[in-house]
Amino acid sequence: MGNNVIVLDHPLIQHKLTLLRDKSTGSKEFRELLDEIAMLMAYEVTRDLPLKEVEIETPVGKARSRVISGKKLAVIAILRAGLGMTDGILRLVPAAKVGHIGLYRDPDTLRPVDYYCKLPGDIQERDVILVDPMLATGGSADEAIKLLEQKGARSIKLMCLIASREGIEYINHQHPDVPIYTAAIDEKLNEHGYIVPGLGDAGDRLFGTK
């Protein structure tokens, strides 16, 4: 699949993803699982954050220890379903700023149309984690990355739960410098552009809508 795709196969992520996929899982449990998976994935996505050494005082004596070296992060959610992933990440990195990009998919062309974009004012100074549970055709992620780049974002990582091979190939082609973090790669898309087997419509399952 290329070097730009990182599949997070941790047992806890895989276990919770299986429960998330199950059609009998209701909205409350779906929300909780999505939140938990996002936090576990963020642990891996932030693995390369730079550290610096500081001196602290423990109850026993002085110690040289390490802290994150002032790296600024932004979590950008693609609406609606990306909202379900932000809180889990923020529990790990509470100083991160949050932005939102609203996109809907034209049912005839399957192409994304953007209707909302609100980003941190200093987005160009931040490492961006772009979140959306599903990477299907890749159209929404492509549009979101383009919007971020137009606003000056230079370092972008895409984090999703399930990706299609088609979506991965499209993003790799359009944005070869954007790594994709996913918990699973599914084989195909159906005629409506949904990932098969996937988990259905993440937004509807998250918010209990149809």
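Predicted model: local features only at pLDDT ≥ 70, side-chain atom pairs only at ≥ 80, totals over all residues.
**Briefing: salt bridges, a nonpolar patch and a helix pair**

Being four residues apart in helix α4 (residues 139-150), Asp142 and Lys146 are separated by about one helical turn. These two residues form a salt bridge in which the closest N and O atoms are 3.2 Å apart, and it is one of 13 salt bridges that a search of the whole structure finds.

**Salt bridges**

- Arg47 counts as exposed because its relative accessibility of 57% is over the 50% cut-off, while Glu44, at 22% relative accessibility, counts as partly exposed.
- Arg80 forms a salt bridge with Asp204, the closest N and O atoms again being given as 3.0 Å apart.
- Arg80 lies in the loop between β4 (73-79) and α3, and Asp204 lies in helix α6 (residues 202-207), so this pair ties together parts that are 124 residues apart in sequence.
- Arg80 is partly exposed, with a relative accessible area of 35%, whereas Asp204 counts as buried because its relative accessibility of 17% is under the 20% cut-off.

**Nonpolar patch on the surface**

- Tyr104, Val113, Tyr115 and Tyr116 form a nonpolar patch on the surface, and together these residues have about 400 Å² of accessible area.
- Strand β6 (residues 112-118) gives the most to this patch, contributing three residues, while Tyr104 lies in strand β5 (residues 97-105).
- Tyr104 is partly exposed, with a relative accessible area of 44%.

**Helix packing**

- Two packed helices are described by the angle between their axes and by the distance between those axes.
- Helix α2 (residues 27-45) and helix α3 (residues 83-92) pack at an angle of about 45°, and their axes are 7 Å apart.
- Helices α2 and α3 are therefore oblique to each other, and α2 passes α3 in a right-handed crossing.

Note on methods:
Residues numbered from 1 in each chain as written. Heavy atoms only, no water. Patch = residues over 30% accessible without salt bridge, like charges linked within 9 Å, V, L, I, M, F, W, Y side chains within 5 Å. Areas by Shrake-Rupley, 256 points an atom, 1.4 Å probe, with all protein chains shown as cover. Salt bridge = Lys/Arg side-chain N within 4 Å of Asp/Glu carboxyl O. Helix = DSSP H or I, 4+ residues; strand = E, 2+ residues; numbered from the N terminus. Buried < 20%, exposed > 50% of the residue type's maximum accessible area, 1.4 Å probe, protein only. Axes fitted to C-alpha atoms, helices over the stretch in contact; angles between N-to-C directions. Parallel < 35°, antiparallel > 145°, perpendicular 65-115°, else oblique. Left-handed = near helix turned anticlockwise from the far one by under 90°.
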